[in-house]
Amino acid sequence: MTGAGGAGLVRPYGDRRDDGVVQLSFVLPVPAGERAREAALRLVRAMGLEGAEVAAMERAAEGYTFFVVYGRTGAAVDWDAVQVPEVVVRKRSFDELNAAVLSQLGRRIVVLGACTGSDAHAVGIDAIMNMKGYAGDYGLERYPAFDARNLGAQVENARLARACLEAGADAVLVSQVVTQRDVHKDNARALVEELERLGARSRTLALLGGPRIDHALALALGFDAGFGPGTRPSDVANFIAAAVLRRAGKEPR
Amino acid sequence: MRLADGRLVPDLRIDAGVVARCRELGERITAPVLEFVERHTTVSIERSVLRLFGFHGASSGGVPFANLIVDELHARGLVGRGAAWWLGWALRQGARDPLQVAERIAALPRHPPPLPPAEDEALRTELRREARAAAAELRARVEARDALKAELGVGPLPHKYLIVASGNIHDDVEQGRAAAQAGADVVAVIRSTAQSLLDYVPHGATTEGYGGTYATQENFRIMREALDAESRKLGRYVHLTNYSSGLCMSEIAIAAAWERLDMLLNDAMYGILFRDINMKRTLCDQHFSRRICAFAGIAINTGEDNYITTADADEAAHTVIASHFVNESFAHRAGLPDRLIGLGHSFEIDPAREDTIARELAQALLVRTLFPGAPIKYMPPTKHKQGDIFFSHVYDAMSDVVAWLTGQHIQLLGMMTEAMHNPFLMDRYEALKTASYVYRAWRSLGGDLQLRPGGVVERRAAETLSRAVGLLEEVAEEGLFQAIGKARFGDVARAEDGGKGLEGVVPRGEDYFNPFLEILEGAV
């Protein structure tokens, strides 16, 4: 048996278990033709696919050809051996969360949010922080339990770290959208270093979010949690509330 | 309604009285701002003047001559007389090249003695002559662009607008050419992250930019040259656009005019709202940059689509319309005719809701109907894009349908990989193939469709227009500066004296001298 329920190997599922079918699309910088088709087939065979078929070959531009190719992979993964850190938090409702924080902590949780470095794309941080929120899920500013301050885009790491210290921030939320040449990683590390330099790292939870961020990457960069695409403001709110209560000894580990 | 290019779009019944009122309010809102603009200049406007005189270069340290000179003037409080006057002064001191001009200016005392009136008059006459010659040279370059456009002809409408964003101008050329071959009518080169906040225009070609390439004169030249060659090969003129925004709006407009660009992203309020640039600074700079666009026949693209990436697209639809009237009035006041005012709007309502197409159609058709002579620009969904590229592609195709049915002039094609990475070559190819299919398949149906009187589209358009006029009434009442302070546009509030660049706004002296402004104002 395979799949989430039991032990064993899993492979891509096309229309039958273990058929291993995958679809690929790519461009080769060569003119379309039979030679290009053969080149595409050899490429996907070199990737380890069997039974490869070119479903589409079209001239995308002079000297560039677009392919859609199908093939079967013999590769498989051992489902039971796959262990990935995930942000796991018991989710409270909006009202529950506010009540829990205000009664158990006795104060509001201070959260600063920003898009740091040269990144000008405030869409992500706005979706999480703004009153309105995202997809019908309220943003942090709406929660009475949070004193949430959105510093906006292009905030220097040094300034953000200083602001955390001055505000006595319980958590800092960093959004990184631009990922060209891994600029997001350098930028993210720089904030953690600044917080450490100011001695504010231990009291401030550091959270990283963005379309190319996941929890494992965030941990590797020295953050406490990472949030990728599809994250709702309430996911972030619950993580912060639980972590702050835990630190205050108000919530079991 | 039949459009100027012959396309038919469904008739949308709107209240002509309300439309007239919107235009009247737009004029009332911009009038006091123009009074402010006409009493001030900015460091960027003065640098533009120097660039118009041919100061395109940079010192060996990479600092543009225009900045070196204007910084020295600003430090002495002399910008209010105009950089042109001080250029004339330096020339009379024997300066022979930009470096020598910079040296003479740097050696100025705090309070330079005035020139005798006759000499002052001679200086102005000489600089006016120089300015006329420089303007004629610029005009000749613009005419060369227009001649090529006339010779080759342009593609049918809507013009398909594609983005390149590799960060290396030479890769951008490759991708721009490929897009043109696959059917693109407009190539937009995305700018490096955060250039808006640089108070100078970088120099030279970009080969390693973040999020795009810098808007530099050299990058413009490289791309336009490549597209000229490609246009000749294809027998169809391919347009080029970039960004005249941020702290150097008008300097970029000059570089673009000189290098024969066709369009520029240029919004009266975008920098204020989304880049936190001081409003006085932006409103002065936008006016001068638009004067240059008017002179060079460059179509501006406004940025109202951005409002609904921050605010909710459905709830804030009227802010887009209200802003269009404001942007239109600012553009008219800078001498831009309707055919150069590319008002921007977009397909951004949350796809998880019901009945979104009727509401998107109402909005797009309303814009078309309100601004029949403008090359309006329709933007694809971005805000609600996620990593499922298959869904994303269908979602984009829906915006293609609305763009076609509503007779858009320019359509920015959505990328199935939006929110993932820079567009791949194949993403543009797929987008172009799909848009061509949609335009072909829907060919004459749009003109045949009639909207049901009192139906959902008509009611939605009327509601949006009525809320837009309401917002314009409020903004006219409280003034544009105060309205922006109250987050009337894009859910973003900005203070009159907040943001970046205010220190670069300078009152014009009584002896202010700007011979190019005289030419640009006279050209209308």
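I take a salt bridge to be a side-chain nitrogen of Lys or Arg within 4 Å of a carboxyl oxygen of Asp or Glu. The model I am reading is a predicted one.

**Entry 1: salt bridges**

I began with chain B, where Arg460(B) is joined to Asp314(B) by a salt bridge whose closest N and O atoms are 3.2 Å apart. I placed Arg460(B) in helix H18 (residues 456–478) and Asp314(B) in the loop between helix H12 (307–310) and helix H13 (317–333), so the pair ties together parts that are 146 residues apart in sequence. I noted that both Arg460(B) and Asp314(B) are buried.

I then turned to chain A and found a salt bridge between Asp224(A) and Arg201(A), at 3.1 Å from N to O. Asp224(A) sits in the loop between helix H6 (215–220) and strand S10 (225–227), and Arg201(A) in the loop between helix H5 (183–197) and strand S9 (205–209); the pair therefore ties together parts 23 residues apart in sequence. Arg201(A) is buried at 14% relative accessibility, whereas Asp224(A) is partly exposed at 25%.

I also looked up Glu38(A), which forms a salt bridge with Arg42(A), again with 3.1 Å between the closest N and O atoms. The two are separated by about one helical turn, because they are 4 residues apart in helix H1 (residues 34–46) of chain A. Glu38(A) is partly exposed, with a relative accessible area of 31%, and Arg42(A) is exposed, at 55%.

Over all chains, I recorded 53 salt bridges.

**Entry 2: helices H2 and H11 of chain B**

I examined H2(B) against helix H11 (residues 279–296) of chain B and recorded an angle of about 25°, with the axes 9 Å apart. Angles under 35 degrees count as roughly parallel, and H2(B) is accordingly roughly parallel to H11(B). On the H2(B) side the contact includes Arg47(B), and on the H11(B) side Arg281(B) and Asp285(B) are among the residues involved.

**Entry 3: helix H3 of chain B**

I listed the buried residues of helix H3 (residues 65–75) of chain B, among them Phe65(B), Ile69(B) and Leu73(B). Their cover includes helices H2 (43–52), H4 (83–92), H5 (98–106) and H9 (249–258) of chain B. Gly77(B), which follows H3(B), has a positive phi near 70°.

**Entry 4: Lys91 of chain A**

I located Lys91(A) in the loop between S5 and helix H2 (94–104) of chain A. Lys91(A) and Asp235(A) are 144 residues apart in sequence, yet 7.5 Å apart in space, C-alpha to C-alpha.

How values were computed:
Residues numbered from 1 in each chain as written. Chains lettered and ligands numbered in written order. Predicted model: local features only at pLDDT ≥ 70, side-chain atom pairs only at ≥ 80, totals over all residues. Heavy atoms only, no water. Buried < 20%, exposed > 50% of the residue type's maximum accessible area, 1.4 Å probe, protein only. Contact = heavy atoms within 4.5 Å. Axes fitted to C-alpha atoms, helices over the stretch in contact; angles between N-to-C directions. Parallel < 35°, antiparallel > 145°, perpendicular 65-115°, else oblique.
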